[in-house]
Amino acid sequence: MSGVDSRSVTVRVPAKVNVQLAVGGARADGFHDLANVFLAVSLFDEVTVAPATRLTVTCEGPDAHQVPLDTTNLAARAAVLLAERHGIAPDVRIHITKDIPVAGGMAGGSADGAAALLACDALWGLRSSRAELLAICAELGSDVPFSLVGGAALGIGRGEQLTELPVGGDFHWVFAVADGGLSTPAVYGEFDRLNEGLRVPEPRASKALLDALASGDCTVLAGALANDLQPAALSLRPALRSTLDAGLSAGALSALVSGSGPTTAFLVKDAQAGAAVAEALRVSGTCRTARAATSPAPGATIL
Ligand code: C5P
């Protein structure tokens, strides 16, 4: 291919689950203040960038057909924003190998944005500082900074202002992937509708939850999981209740909707319990598939 060289950069990036998602009232800008405790989990997308004559996005993976390949894709937007900052053309071929559920409440789109940003920065030799990359991530979306950082972190503001958190051990999870996605703005809209006329308290991180993460004790963490968006997600998708029940009957320590859903997350004691819960969910007929994963996982990493 003339004019296109063979250099490429690949970045691996994790999905997330929100172990606590405390949501405040709607702000004037339409966002909600959050106390958002993110935990990165071992389901990964890989994003490869290579020089090209124009910006293109391609995607492979079981749900690739659901991924937009135009400039609304966060990976493409990341390349454009970074190039604009440096007065260069975003002429890059972006290829996404997708394993994170699409529109599932696991920050798959945000993950691809963070990965493309890190990959383009390396490909173009820009050597942006961590702070510069995090600022671009925050412009791309509320969950994008966390995809860059990984591990565990508390996000305040709209979730983009991060403080990294200590995690005292590995946690085992099963994720039940639903048929079809849920729109994040629609779930926040339903949250507002359900809370209309009520006083929504200031979102605060729970000390019990932060202590549970730091201790690495899965039984304590199971008792502290909390997602204020869960009633809204269940209101829009009542069938998720049977998925939660199926995982709990199969021995999960605790279950919750992941972020805005519709993926549901099950905390389990160990890998063996995870395999059993995943298999029970797969045969339950209440979800499309089930995936076992562990946490914490590292943030976006150049391979
Ligand atoms: O920041 P991001 O583009 O991921 O947000 C998607 C949508 O989710 C926003 O347009 C808004 O409707 C909702 N949202 C919110 N409050 C937040 C984060 C997201 O209302 N803190």
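On a 1 Å grid over the protein atoms alone, a pocket is an open set of points with protein on both sides within 12 Å along at least five of seven lines, whereas a cavity is a set of points where a 1.4 Å probe fits but cannot get out; lining residues have an atom within 4 Å of a point. A molecule sits in a cavity or pocket if more than half of its atoms lie within 2 Å of its grid points. The model is predicted, with local features needing pLDDT of at least 70 and side-chain atom pairs counting only at pLDDT 80 or more, while totals for chains, interfaces and linings use all residues. Residues are numbered from 1 along each chain as its sequence is written, and side-chain values use heavy atoms, with hydrogens and water left out.

The ligand sits in the largest pocket. This pocket holds about 970 Å³ of space, a volume being the space filled by probe spheres set on grid points that are joined across faces, edges and corners. Its lining comprises 44 residues, of which Leu74, Ser110, Asp143, Thr184 and Pro185 lie nearest the centre. Two or more lining residues come from each of β1 (9–26), β2, α1 (74–85), α2 (108–123) and α5; helices (H or I, at least four residues) and strands (E, at least two) are DSSP runs numbered from the N terminus. The most, 5 residues, are given by α5. By class, the lining of the largest pocket has 17 nonpolar, 20 polar and 7 charged residues. Here Ala, Val, Leu, Ile, Met, Phe, Trp, Tyr, Cys and Pro count as nonpolar, Asp, Glu, Lys and Arg as charged, and the others, Gly among them, as polar.

Around the ligand stand Gly30, Phe31, His32, Leu34, Gly141, Ser142, Arg158, Thr184, Pro185 and Tyr188, a residue being near a molecule if one of its heavy atoms lies within 4 Å of it. Of this shell, α5 (184–194) supplies the largest share, 3 residues, and both β2 (32–51) and α5 supply at least two. The shell contains 4 nonpolar, 5 polar and 1 charged residues.

Polar contacts are pairs of N or O atoms within 3.5 Å; within protein, one must be able to donate a hydrogen and the other to accept it, and residues adjacent in sequence count only if both atoms are side-chain atoms. An N or O atom in the side chain of Ser142 is 2.6 Å from an oxygen atom of the ligand. Backbone polar atoms also take part: that of Arg158 is 3.0 Å from a ligand nitrogen atom, and that of Gly30 is 3.5 Å from a ligand oxygen atom. Of the 460 Å² of accessible area that the ligand has on its own, the protein covers 74%; accessible areas come from the Shrake-Rupley method with a 1.4 Å probe, and for residues only the protein chains shown count as cover.

The second largest pocket has about 170 Å³ of space. Among its 13 lining residues, Val23, Phe191, Val200, Pro201 and Asp228 lie nearest its centre. A search of the whole structure finds 1 cavity of 30 Å³ or more, and the largest cavity has a volume of about 50 Å³. Its lining includes Asp63, Gln66, Pro262 and Arg288.

Pro262 is also joined to Gly261 by a cis peptide bond, with omega about 5°, and is placed in the loop between β9 (254–257) and β10 (264–268).
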